[in-house]
Amino acid sequence: MCKKSMEEKPIPHNRPTLGVEEEKAAVHVLKSGWVAQGEEVRQFEDEFCDFLGLPRGAAVAVSSGTAALYLALLALDSKGKQVAFPAYSCSALRNATALVGGIPSLVDSRTDSPNMDIGSLDTTIDVAIIPHMYGLPQSISKGKMKCHVIEDCAQSLGAFVDGVPVGLQGDIGVYSFYATKLMTAGGQGGMIVSTDTALITELKDYRLFDRRNDTKIRFNFQMTDLQAAIGRAQLRKFPEFLKRRAEIYHQYKLANLPLLDTVQEIQPVRFRAILQTAKQNEIIAALKKNHITSVIPLQEWELLGGKERFVNAFNWTQSTISLPIYPSLSDEEVKRIIHVVTDHL
Ligand SMILES: *Cc1c(COP(=O)(O)O)cnc(C)c1O
């Protein structure tokens, strides 16, 4: 009886790892009487810089990854400009581009990775948003790029390319702390980094929207101290998170699951365990029968452009499944997942 109920305990696709540290941090803010953007946000920005090896002052905390993308585009004067981003990515890229008044220019995926094929970028492009999908970043030689580069690191915080942390290869790096990302700031949040101090000053000016003695348009994209305190607690645990994710990925690999991996000399983070298979529906159904949730990480209807034009992107929607991988997933749960998948490969 006991064994049966253990076996049937549902395994969600995702679960944030929140514990007593986050609880204490949140309570501390609640009791302080100051919950809006303040000292916690400032310290979160400083510690985020420390984490990336940036001088303090190079990060701006905002309300979401989408807000970070919008602000990055705004800071690069993207209105009326050609903004390139992949068809295979989060709708946040399209939305941020539309909101800033940029002209979208969609790009296909690579054949060896769902990442954007930056080699096929048009020379007329002014700004490229390059997301590093699934914790598997790609190398961007900025010297060769003719346009401004925004690295979208929502799925790859902590990864390195050629010894450089992701987010520092281009002009601006953006990150997301949404609940399902590598770490969360209480459900939502974002960060922007740049070594261009003029750019950072402009972003901070934009965020400080209230009681300004001029008519310049600004907007409220602030993070709260409550969010930042939780974000700080998560950042302290972040190396442990990555270690546990790598362990789980390793267990999947040991079981010979055909997982998507890096195609370049990079140090990935295990944000997603992407199974490469043509039997998507069969495996998802088999897992579901065993109370395990897996998903197609990006479906055909989610593509930002037509499948006829973006053939590689389309192919990735037809050949991938995302398996659970998060710090609180137990070895027992990993074994259950491996068992079902192996039976249906
Ligand atoms: C999640 C995500 C975003 C958006 O971040 P939010 O914090 O949810 O607004 C943008 N780009 C990519 C690649 C993402 O995965």
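The following exercises, with worked solutions, concern a predicted model of a single chain.

**Exercise 1. Overall dimensions**

Determine whether the radius of gyration of the chain agrees or disagrees with that of a compact globule.

Solution. 
Step 1. The chain has 345 residues, and for this number a compact globule would have a radius of gyration near 20 Å.
Step 2. The radius of gyration of the chain is 20 Å, so the value agrees with the globule rule.

**Exercise 2. Composition, burial and contacts**

State how many helices and strands the chain contains, what percentage of its residues count as buried, and what share of the contacts with a separation of 6 or more comes from residues 24 or more positions apart.

Solution. 
Step 1. The secondary structure comprises 10 helices and 12 strands.
Step 2. With buried taken as under 20% relative accessible area, 53% of the 345 residues fall in this class.
Step 3. Among contacts with a separation of 6 or more, 65% are between residues 24 or more positions apart.

**Exercise 3. The packing of H4 and H5**

Describe the geometry of the pair formed by helix H4 (residues 65-75) and helix H5 (residues 91-100), and identify the residues that meet.

Solution. 
Step 1. Two packed helices are described by an angle and a distance, both taken between their axes.
Step 2. For H4 and H5 the angle is about 40°, and the axes are 9 Å apart.
Step 3. Angles under 35 degrees count as roughly parallel, and 65 to 115 as roughly perpendicular; H4 and H5 are therefore oblique to each other.
Step 4. The handedness of the H4 and H5 crossing is right-handed.
Step 5. H4 contributes Thr 66, Leu 69, Tyr 70, Leu 73 and Leu 74 to the contact, while H5 contributes Ala 92, Leu 93, Ala 96, Thr 97, Leu 99 and Val 100.
Step 6. Sorted by class, this contact of H4 with H5 holds 9 nonpolar and 2 polar residues, with no charged ones.

Technical notes: Residues are numbered from 1 along each chain as its sequence is written. This is a predicted model: local features need pLDDT of at least 70, side-chain atom pairs count only at pLDDT 80 or more; totals for chains, interfaces and linings use all residues. Side-chain values use heavy atoms; hydrogens and water are left out. Axes are lines fitted to C-alpha atoms, for helices over the stretch in contact, and angles run from 0 to 180 degrees between N-to-C directions. Helices (H or I, at least four residues) and strands (E, at least two) are DSSP runs, numbered from the N terminus. Angles under 35 degrees count as roughly parallel, over 145 as roughly antiparallel, 65 to 115 as roughly perpendicular and the rest as oblique. A crossing is left-handed if the near helix is turned anticlockwise from the far one by less than a right angle, and right-handed if clockwise. Contact means heavy atoms within 4.5 Å. Ala, Val, Leu, Ile, Met, Phe, Trp, Tyr, Cys and Pro count as nonpolar, Asp, Glu, Lys and Arg as charged, and the others, Gly among them, as polar. The radius of gyration is taken over C-alpha atoms; the globule rule is 2.2 Å times the number of residues to the power 0.38. Buried means under 20% relative accessible area, exposed over 50%, partly exposed in between (1.4 Å probe, protein chains only).
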